[in-house]
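Follow the values and the cut-offs.

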Amino acid sequence: MSGFPILSVMLAVPAIAAIACLFLSANGARWLALIATLIDLALGIMLWAQFDVGGAQWQFVESHEHLFGPFGWSLGIDGFALLLIMLSVFLMPICIGASWKAIETRVPEYMAAFLATELLMIGTFAAQDLFLFYIFFEGGLIPMFLIIGIWGGANRIYAAYKFFLYTLLGSLLMLVAMLWMVNEAHTTSIPLLLNHDFPAHAQTWLWLAFFASFAVKMPMWPVHTWLPDAHVQAPTAGSVILAGVLLKLGGYGFLRFSVPMFPEASAQLTWLVFGLSAVAVIYTSLVALVQSDMKKLIAYSSVAHMAIVTIGLFAFNQQGIEGGMMVMLGHGLVSGALFLCVGVIYDRLHTREIARYGGLANNMPRYAVLFMVFTMASVGLPGTSNFVGEFLSLAGVYKVSTTITLLCTTGIILGAAYMLYLYRRVVFGEIKFDDVRAMTDLSPRELALLVPIAAAVLWMGVYPESFLAPMRGDVKILLQRIDRAKPAGDAQPTPPKNPQVKAGEGHA
Amino acid sequence: MVWIVALQATLPELVLSVGAMALMLVAAWGGQGSTRAVSWTAVAVLLGAGIALAGPASYAGVVFDGLYRADAFAAFAKVLIYVAAAISIVIAPRFFARGDGDSLHPEYPVLILLSAAGMGMMVSAGDLLTLYVGLELQSLAAYVLASFMRRDQRSAEAGLKYFVLGALASGILLYGISLVYGFSGTTLFTDIATAYGAGKSLGPTFGLVFVFAGLAFKMSAVPFHMWTPDVYEGSPTPVTTFFASAPKVAAVALATRVAIEAMGPAVTEWRQIVIFASLASIIFGSVAAIGQNNVKRLLAYSSISNVGFLLVGLAAGTQAGVAAVLLYLVIYIAMTLGAFLVVLQMRDANGEQVETIDSLSGLSETQPGLAAAMIIFMFSLAGIPPLLGFFAKLAVFNAAVAAGLYPFAVVGFVGSVIGAFYYLRLIKVMYFDAPAPAFLRSKDSVVEYVVMAVLAIFISPVGWFVLKPLGVATMTAAKALF
């Protein structure tokens with residue numbers, strides 16, 4: 001199998017299917033999109049099965065350097081990329097399923113846009129050429145702009161513009177930095193750039209330029225404001241993919257570029273990341289608490305969760321980085337599932353106002369159970385995916401800054417508050433409205449969408465080793481690289497006491 | 001024999017001039033009936049000139065005692081000019097076939113040929129006077145073309161405006177040339193370069209400023225862009241297509257040659273001018289486009305901001321920068337021609353041309369193919385990967401960053417975000433808004449659709465495969481200047 005270009009095939013399948021979809025009828029496009037995403041899922045499972053844990057850092061490498069002049073077709077993955085690709089291919093068929101009935105207009109174009117998004121996301125994670133990465137990273141704007149703009153809610157055009165222009169501005173600053181790097185290092189290969197030591201004075205600028213892009217994508221406070229708008233206006237599957245995978249591009253960017261390529265700058269500017277993250281955790285959690293729109297609430301909770309990711313990634317230790325990655329994966333699944341849960345009831349009542357629901361436990365018991373699982377996972381209950389990630393991440397940060405850990409931990413308490421408050425208002429209590437009483441429980445299609453995610457969430461919570469193992473080697477390599485810049489933490493373990501002093505104490 | 005070599009080197013211009021004059025006679029005797037034949041013959045003449053480029057015209061070097069340069073750079077620009085000119089001829093008949101009196105005359109292709117000959121001289125100029133003669137030949141033909149619809153007020157206004165402002169610009173340019181000549185005692189590019197290399201003084205610098213001002217007018221770079229929106233809007237659409245493509249190539253290539261060959265030693269002086277014009281064009285072009293309601297005006301502002309991006313590569317002043325300018329030109333021509341081809345299809349149920357942006361509403365539902373082509377061109381003009389427009393911007397900014405102009409690159413990129421806004425507006429209108437009355441579909445526009453499809457595929461990721469050969473070709477062409 002060594003010669004089989006599995007990554008290219010994973011990119012080619014959605015590309016071909018996307019073009020074919022445009023020429024099909026609505027139903028044909030639905031089925032083709034589903035089949036194509038399932039093929040990609042199967043390929044993804046193959047990828048994972050063949051991934052040699054503990055083997056070479058870069059696997060499945062396909063390198064055609066300078067194939068296109070300024071850049072080449074170079075693909076390859078490490079553990080981080082593998083896990084994020086798995087997340088993408090896992091969520092994609094679910095997105096298609098979620099749009100099966102909800103999208104009735106211009107279905108072929110919709111399916112094509114989703115397949116294009118899948119292609120661009122896998123490409124972003126698999127690219128080993130700096131410009132190829134940028135192309136995939138930035139190209140994702142086009143289908144997402146169309147998805148929000150064409151199939152979104154009432155205020156979709158404003159949201160689509162905001163999403164596009166915010167992200168574009170950040171990315172272009174990053175592009176200038178990339179051009180500088182390529183001129184300095186004379187290569188566009190990411191593995192080579194990872195081992196290039198950029199001069200310390202330039203690192204700060206480069207880091208800030210990359211930060212501008214990834215912070216917007218992530219999104220970090222205060223540039224997060226595009227996210228609630230985009231989420232609220234996007235169709236359900238659009239929100240799933242936005243929260244599930246597109247937000248992870250920011251975290252992946254920090255992990256792949258900012259931290260390993262500019263370790264000195266990262267160490268020097270950790271205060272910025274920590275500060276913004278701490279504000280984000282507390283501020284957005286409080287904002288989430290007062291939302292009356294379900295999607296907005298979950299969107300703000302995403303900002304808070306992503307802040308836990310950033311502090312973990314910048315903790316400069318194994319727990320922090322592994323935790324950051326785990327939160328990304330866990331949040332991808334959980335927030336995606338929560339958006340699906342909102343979509344389920346939105347499809348029935350066509351409103352996202354929390355106050356319009358209530359008492360769903362009475363007539364939608366299966367829904368209530370699944371929604372409960374995801375709510376608990378979002379809160380970070382032990383046994384679910386988010387617990388593992390958040391715990392590791394906060395444990396990592398504790399070694400660096402106790403204050404920040406303290407501040408961010410309050411986010412978890414607040415998270416419990418807003419999620420449980422949401423759950424209580426929607427699911428518990430008496431049914432107040434007749435149309436709510438008439439709502440039917442989950443259909444087999446909806447169950448088929450939510451149950452796999454619930455299973456994955458529990459799997460990650462109960463046996464996280466499956467997910468930690470592929471990235472362990474990469475974390476080690478990363479730490480070796482950045483160790484020279486590691487900032488000193490304030491949480492010094494109590495030094496071993498002088499036995500004589502101890503003896504003295506004993507006398508007193 | 002020296003003169004035979006010289007004639008061989010100028011063969012493309014000879015083919016064009018002789019062809020144009022012969023066709024002029026055919027037009028005079030044949031009258032209106034000969035339009036079709038003259039048009040296709042003109043395309044054949046352009047093809048012939050293109051074939052002639054394969055000969056000594058692309059490598060003979062300096063001929064006519066330095067007046068004329070037949071090098072790879074000129075040849076590269078000429079290929080683009082000829083392609084754009086040929087397309088402008090091909091798309092004309094259906095536009096004029098509306099039966100309100102302003103029909104297509106056989107002079108149209110002849111004027112385009114003459115203009116192309118002038119542009120060929122511009123990009124091959126080795127002397128300020130050759131430059132001026134070429135420029136005027138091109139401009140005079142263009143003034144007539146702008147007012148080609150005699151009974152249309154807007155067209156007449158466009159021609160007049162273009163002429164008056166063009167004459168003013170020529171005056172400025174000539175004044176600059178006279179200053180340069182007065183202080184350096186020569187009009188030959190190589191000798192001027194020696195004079196600039198000898199040392200700095202105020203006089204020649206003044207001349208340089210005026211020469212660049214005149215060239216900026218021809219490129220429609222801010223602050224000499226005022227004519228562009230009016231002329232683009234008023235001219236018949238095929239003529240606008242022509243203006244937005246071929247003369248742009250010629251003017252930018254000419255400016256590049258003057259900057260590098262004649263004024264290379266004064267790079268620090270002209271770089272300031274170029275950077276200012278570049279940023280002003282990018283930002284002004286983008287901001288002014290936001291309020292437009294006419295597609296042609298919008299594309300006029302788009303062309304202004306694109307000239308700004310082209311100048312980014314020139315500002316670098318390096319071989320890589322010049323290569324980037326040429327690459328940008330290729331991709332820009334493809335995008336612009338494509339966008340105008342879409343505009344050409346915009347006609348209401350009576351076959352009348354419509355130009356408002358609102359009339360594009362919901363095009364994705366009424367004519368999905370056309371909308372798909374337009375969205376590709378628009379995202380590409382906005383510089384969003386994976387479309388080719390991104391690589392054009394990447395190349396010019398890469399050159400600027402390599403030359404150390406970081407703040408310039410950052411501001412330029414910010415300008416391109418503003419630009420993205422109005423391109424997105426067109427996309428929004430086509431894809432998000434409720435459909436307006438559908439455009440008239442006609443069966444006799446197969447050629448236009450084929451050209452459009454080819455351009456769209458070239459701009460799409462399929463075009464990635466062309467990037468490498470294009471990179472090699474542009475580097476070779478740029479090398480001719482250094």
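Q: How do you know what share of contacts in chain B join residues at least 24 apart?
A: Contact means heavy atoms within 4.5 Å. Among contacts between residues at least 6 apart in sequence, 81% join residues at least 24 apart. This is a predicted model, where local features need pLDDT of at least 70, side-chain atom pairs count only at pLDDT 80 or more, and totals for chains, interfaces and linings use all residues. Side-chain values use heavy atoms, with hydrogens and water left out; residues are numbered from 1 along each chain, and chains are lettered from A in the order written.

Q: Why is B:Val211 called buried?
A: Buried means under 20% relative accessible area, exposed over 50%, partly exposed in between (1.4 Å probe, protein chains only). B:Val211 has 0%, so B:Val211 is buried. Of the 482 residues in chain B, 63% are buried.

Q: Which residues does B:Val211 touch, leaving out those up to four places away in sequence?
A: Among them are B:Leu173, B:Ile177, B:Val258 and B:Met263. B:Val258 lies 47 residues from B:Val211 along the chain, yet their C-alpha atoms are separated by 9.1 Å.

Q: What makes the radius of gyration of chain B agree with a compact globule?
A: The radius is taken over C-alpha atoms, and the globule rule is 2.2 Å times the number of residues to the power 0.38. For 482 residues a compact globule would have a value near 23 Å; chain B has 21 Å, so the two agree. The C-alpha atoms fill a box of roughly 65 × 55 × 40 Å, taken along the principal axes.
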